[in-house]
Every structure is written in C-alpha cells, then in structure tokens.
Amino acid sequence: MGEILIIDDDPEICETLESLVQRQGHSALSIRSLTKGRAALEKHCFDILFLDVRLPDGNGLDILPQLTLLPKPPEVIILTGKGDPDGAELAIKGGVWDYILKPSSVKEITLTLNRAIRYRQEKQGNNGDVILATKTIIGESSSIKAVKRQLLQVAKSSSNLLITGETGTGKEVFARAIHDNSVRKDHPFVVVDCASLTESLVESILFGHRKGAFTGAHQHQQGLVKQADGGTLFLDEIGEMPLSMQKSFLRVLQERVFRAVGDSREQTSDFRLIAATNRDLDGMARDGSFRNDLLYRIKTMQLNLPPLRIRTGDIRLLADYRVEQLCKRYDMAPKEINSDFFELLEKYNWPGNIRELFNNIERALVAAGVEKQLYAMHLPRTLRIAVAKQQIEQLSDQGREITTDNDPAVRNIRQQLFDALFHQSPPSMKTFRDLTERFYLITLIERYNGNLTEILNTSGLSRSHLYSLLKKHQLTVAQQ
Ligand SMILES: Nc1ncnc2c1ncn2[C@@H]1O[C@H](COP(=O)(O)OP(=O)(O)OP(=O)(O)O)[C@@H](O)[C@H]1O
C-alpha cells in the first residue's frame, strides 16, 4: 500500500483522485494550496505526489527543487491542463516521473499510478539507486552527456517517448538503454521495423491472428504488441507506418487494448512505447502523411540525438571502442591506431553518423589484415577521396582570401588526393581529369594572385574558355 498526496485546488479533481487511489488500496490526502502542500511534505514521507501546475499561491513546479532535498522524495505525477502546453516540458526537465493531461480517463490515471507505485517498490528494494547501464553508449562530449542525463530521466517514466535524430545516430541503442534502465528491464524489448511492414501483413504482425483468419493462417499467432506486455515496444522508423495502420495503432496507444485479426475478443498489453524516426514528423503531420493525433500521443516525451559531426571529440573514443570490439570478435591481436587514422576520421562530416563510422573502421581492419598498426591508408579509398575533396572545397572557398601556393596544407591535400586516387584501382579518366583540372586552376589562381592576364598567358586558354571552366568548378578569380 502506498501513501499518496494530491496537491490541486480543484475539489472535483481531488475527490476523483482520492476515490480512485483508495480503490487501488492506497491512502490519500488532498491539499488545495502550495504552501500547505510544502508543509505536508516536510512532515510526512509520501510515495507518490499528484501535483497540479497552476495553484492559487504559485506554480506547482516550484516545489520540485525542495523535493530533491527530502530523504526519500516521492515520485511526482504532474497534473497539467491543455491551456498550459509548457507544463509538461518543464515537468520533464524538472525530473518528474510522469504527467497526466487533464481531463484524463480513470484507466489512464490508474495505469500511471500503478506504474509509479511499481517503480517505487523496485527502487526501494534497490536502496534507491538507479544504475545506468550505458556501457554501450560511448561518448564524453557535452552534447552526448546531456542526452545521457535525459536518458536517466526518461527511463524512470513509462510515458510514450519519441527519439529523433539522423540515421545512424544511435536511436535504437538509446531505446535499449532506456529499457535496460527501467523497471521493465526484466520483460521483453520488442523491436518493430515499421519500414519493413507490408500493408497487408501489418495488422497480423502487430496484433497477431487467429487460426483460419485468412488464407495461410494455419495457426494462432501472437502479435508483437502482446509480446511486449510488461516490457517496451520499440517502433523504429515510425514515419514509415502506413496511414491505415496509424489509426488502429492510435487506439492501442490510448487504451492499451487491441484485437487480433479474426478474433472477436479484446486483449490488453501493458507496454511502454518508444518510437524513433529520422523524418520530420511535424512536417508530415502538416502535409497529411502522418496523423496529428498519433504524433501528439507518441511525443509525450522527446529525446533528440546529436549528429556525429557536432561531436567530433567522440570520434577517437568510438574508433577505439569499435577497433577493440572487432579485434575481439574476429579473434585478432589488438591493433594500435596511428594518429593519421584518427585525423582523417575527424575531418569527414559523417552523414551516416556512427553506423557509417563503424562500417569504415571495419573495412580498414580488413584492409590492414595482420599488420599491427592501423594507418589512414587502410581506410576505404572512397572515404579518403571524400575527405580530400571536402578539404579542397573548404580551401578553395577560403582561397580567395588566404591560400598561397606555398601553403603546406594545399600541397598536403593534393598529395593525399593523389595517394588516395592511385592507392587501389585508378579512377575513371573523367573523374581524374575533372579533379586535376580543378587543382590546376586553383594553383594558377594562387600563384598569380588572381591576375587574369597572367593566368590566361600561362594556361593558353581563351578568356571564354577560362570563364566556363571556373564556372564548372565553382571557382572565382579574385585578386588579393
Ligand atoms: N553512442 C554510441 N556508442 C556506441 N555505439 C553506438 C552509439 N550510437 C550508435 N552506435 C552504433 O551505431 C550503429 C547505429 O546505431 P543505431 O542502429 O542505434 O542507429 P539509428 O539511429 O537507430 O539508425 P537508423 O535511423 O538508421 O535506424 C550501431 O552499430 C550502434 O551500435
């Protein structure tokens, strides 16, 4: 049995909550103001606190810092109204357990309350410590540290969660870590890849089917939603879920009730939903390709993962981790990583993020074979060319103001590009010609400091030909 405190100035809400709480076998105390609520919390230890945001003598959220000072702070469930859209966000940032939007169904409040009580009991059996199992989440940059802190917060709650981030940023890794750090960790973590669901089979895969429900349904089949009962249902790439399915899924989310294909009985499943996407769901909702009401439901809480290019400081850690992991997996002797290997990795902008980084490292390891050290030259040629091109682009942009022919960076990059081009199979004639044409022009512009007459004399090009080449390579001749 738990002890529940309700702080809300609305007598009707207090009454409803009190009777609901008591029906679940807990004791309840209602208080109508913030000041009296503070006093009650000082005097007595409560397990759960239902807290209204707008109170006659202040904002309910202001009480949160005081709670952290209590020896055994209660789990907080915020009661927030529709007119207070920031309430939920502030509440989550303040580290509360969950929030309920007023008015809410009795079922929804009961579910939230029961989860909070269950969490509380487990936590007490645990001395109150939550151990963050993030061994698989590598990174020490400030942006990843901030997301790890949020991970700890959202793992405490059972609210629906949307993880956003570019492809390969680790959305599934985070979803698993949240599950592993939650009270549901001993129950299944079920992954649904929405991109691979075909419209005809989607209902049966998610909700299951009865024997004979359709041609080919030779036996009863349990769906993924039921398999996630007690655990976490992870909907990967939710933006790909067919519109027809979004409607049925919304009902499951609201009521946690569903019907298997060909079955007249309803079944229940108590799962925590985590959805992930690299698409702009708000934009999709605006143009009608994603249901607004479903979006509103799934993004009760949100976690946004940073792209690798804004946390280049983590690249070394990730590379070390991956090399060690692969050496163990393939039973290879540990390899040392040369600094030029890291330097090259740090120069690339990684549109495919950590997945792309890991793939390239694996290819380098294969290329290195039994060699003890990993060098930049072991990295795939395509990557080295991309880095060289990227740098030349940067330099030629800057070149209008700063580069000189003696700039070691320019020479170094050219060398890198030629090494990269001829290290394995040579490029096509056209690629090679385009690249060398570009270097040639950049070199002339630098050498003659943008003096058009000298560039024309040396190159032997006609003025119109030179201009068309400059246009092709997006270069300009500017005197310094
Ligand atoms: N912080 C991290 N530490 C270690 N490995 C990571 C981290 N983040 C991602 N990875 C690894 O990167 C790869 C891609 O991760 P994951 O599949 O979770 O990305 P994703 O964002 O779900 O990708 P997609 O959008 O394409 O589904 C996996 O091999 C994963 O183990």
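I take helix axes as lines fitted to C-alpha atoms over the stretch in contact, and I read angles from 0 to 180 degrees between N-to-C directions. I also note at the outset that the model I am reading is predicted.

**Entry: α6 and α7**

With that convention I looked up helix α6, residues 142–156, against α7, and I found the two packed at an angle of about 50° with their axes 8 Å apart. An angle between 35 and 65 degrees is neither roughly parallel nor roughly perpendicular, and I therefore record α6 and α7 as oblique to each other. I noted the sense of the crossing as well, and α6 passes α7 in a right-handed way. On the α6 side the contact is made by L151, V154 and A155, and on the α7 side by F174, A177 and I178. When I sorted the residues of this contact by class, I counted 6 nonpolar, no polar and no charged ones.

**Entry: α13 and α15**

I then turned to helix α13, residues 315–329, whose axis comes within 10 Å of that of α15, the two crossing at roughly 50°. That angle makes α13 oblique to α15, and I noted that α13 passes α15 in a right-handed crossing. From α13 I listed I315, L318, A319, R322, V323 and L326, which meet I354, L357, F358, I361, E362 and L365 of α15. The residues of this contact divide into 10 nonpolar, no polar and 2 charged.

**Entry: α13 and α14**

Staying with α13, I looked up its packing with helix α14, residues 339–347, and found that the axes come within 10 Å and cross at roughly 125°. That makes α13 oblique to α14, and I recorded the crossing of α13 and α14 as right-handed. Here I315, R316 and A319 of α13 make the contact with F342, L345 and E346 of α14. By class I have 4 nonpolar, no polar and 2 charged residues for the contact of α13 with α14.

**Entry: the ligand shell**

Which residues are closest to the ligand? I found 18 residues surrounding the ligand, and the closest are I138, G170, K171, E172 and I354. Of these, I354 is one that I had already listed on the α15 side of the contact with α13. I next asked which helices each supply at least two residues of the shell, and I noted α7, spanning 171–180, and α15, spanning 353–368. As to domains, the shell draws at least three residues from domain 2 (142–304) and at least three from domain 3 (309–379). Sorted by class, the shell around the ligand has 6 nonpolar, 8 polar and 4 charged residues.

Definitions and conventions:
Residues numbered from 1 in each chain as written. Predicted model: local features only at pLDDT ≥ 70, side-chain atom pairs only at ≥ 80, totals over all residues. Near = placed C-beta within 6 Å. Helix = DSSP H or I, 4+ residues; strand = E, 2+ residues; numbered from the N terminus. Nonpolar A, V, L, I, M, F, W, Y, C, P; charged D, E, K, R; others polar. Domains from an automatic or database assignment. Parallel < 35°, antiparallel > 145°, perpendicular 65-115°, else oblique. Left-handed = near helix turned anticlockwise from the far one by under 90°. Contact = placed C-beta atoms within 7 Å.
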